[in-house]
Amino acid sequence: MKELQKLIEQGAETGAYSCAAYEIGTSAGSLARGYAGRLGIGRGEASQETLYDLASVTKPIVAVGFMRLLEQGRICLDDTVDRFLPAYRGYPKGSVSMYALLTHTSTVHGQVQLYHTCHSKEDMLLAVRSMPPRSLTPLSVEYSSQGFMLIGEAVAAAAGMPLDQALATLVLEPLEMRNTCFNPPEALHARIASTEDCPWRGRMVVGQVHDENAVVMGGVAGHAGLFSDTQDLAKLCRAMLTGLAPDGARFLQPATLALMTRCHTAGLNLARGLGWQMKDPQGSPAGDLFSAASFGHTGFTGTSLWMDPTRDLYAVLLTNRVHPSRESNEIQHIRHVFHNLSALYADACARKAR
């Protein structure tokens, strides 16, 4: 436990981020939590309740909403984009399946900075439609935020309400994730970790989504935009380990959990579930000790959550590694060590309990 806390404090001291918070636990509850640092340059101390821009950790939460809709019979993995986005009918990307988008194996290219030429959500979606397709020969995984923009739109259409409302109804409210939201109101900004001194915006960003494409989407998108804290993400992790909501009600069926968290890209360049990263043999942010069955996701701002069903273990690490700039990549090493120490601490707790 001392080594975990020391790691987090050293990251703040050396400038890998200005603040961080973590929680590790099992399906039964938390084993350890902690925090370190300041909210940003010239700001006050962080706390366990500090809110962080989740960046791409938004993706698996949107994917969980998708799977809840699947269980309700409103959407299927073989459904195509044009079923939900009429403007895509007759275009090549209209025939892309939800399955291909969720596994990042579609023809939709990955990290394209469309915000330079797009000025609205409508512009953005039309630009994604018009992007030249990537080749699938040979089939490979290409991480695609643009693909998850389309997943977010499909979830909204299938739910019959805007994406922020759909996620609140499908995921956040059932899991009692009361501190998680898109576009946090100004009253919460004092609790939010600063992100980048953004050249595009000409200011230090606090309380607005860091991802520029998501800004153009209005702050609500399938690939980025959610803000949250460790407590709420721990609830999501426990639900992914058990399939149950905090009140004991069934949240996801066992078959749905199994489908979502198995590797669908075996033999390809990256291991992917449905909306989740699986553990790659080398270079995984989950480190060395989480099992091959573990899964999770990372975010560009320095956020991550990872679960290991074989250990009944979860680990959440939230940081603002892009503050004041995105230049440092030290978070990659810190994540690796954090997950190793988390696994060792959980093992020690299990031995003590016996």
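In this tour, a residue is called buried when its relative accessible area is under 20%, exposed when it is over 50%, and partly exposed in between (1.4 Å probe, protein chains only). The structure is a predicted model, in which local features need pLDDT of at least 70 and side-chain atom pairs count only at pLDDT 80 or more, while totals for chains, interfaces and linings use all residues. Residues are numbered from 1 along each chain as its sequence is written, and side-chain values use heavy atoms, with hydrogens and water left out.

**The whole chain**

Begin with the entire protein chain in a cartoon view. Its secondary structure consists of ten helices and eleven strands; these are DSSP runs numbered from the N terminus, with helices (H or I) of at least four residues and strands (E) of at least two. The radius of gyration is 19 Å, close to the 20 Å that the globule rule gives for 354 residues, so the chain is as compact as a globular protein of that length. Here the radius is taken over C-alpha atoms, and the rule is 2.2 Å times the number of residues to the power 0.38. Along the principal axes, the C-alpha trace spans about 60 × 50 × 40 Å.

Next, colour the chain by accessibility. Buried residues make up 58% of the 354 residues. Contacts, defined as heavy atoms within 4.5 Å, also deserve attention: of those with a separation of 6 or more, 62% join residues 24 or more positions apart.

**Arg326 and its two partners**

Select Arg326, which is partly exposed at 30% relative accessible area. The side chains of Arg326 and Glu196 meet in a salt bridge (2.8 Å, N to O); the term denotes a side-chain nitrogen of Lys or Arg within 4 Å of a carboxyl oxygen of Asp or Glu. Arg326 stands in the loop between β11 (313-319) and α10 (331-353), and Glu196 in the loop between β4 (181-182) and β5 (197-198), so that the pair links distant parts of the chain, 130 residues apart. Glu196 is buried, with a relative accessible area of 5%.

Glu212 is buried, with a relative accessible area of 10%.

**Further salt bridges**

The structure holds nine salt bridges. For another of them, select Glu153 and Lys121, whose side chains meet at 3.3 Å, N to O. Glu153 lies in helix α5 (residues 145-159) and Lys121 in helix α4 (residues 121-130), 32 residues apart. Glu153 is buried at 13% relative accessible area, whereas Lys121 is partly exposed at 29%. Then display Glu23, Arg33 and Arg238, which are linked in a network of salt bridges.

**Lys59**

Finally, select Lys59 in helix α2 (residues 58-71). Is Lys59 buried or exposed? At 0% relative accessibility, Lys59 is buried. Not counting residues up to four places away in sequence, Lys59 touches Tyr143, Ser144, Ser145, Phe148, Gly222, His223 and His297.
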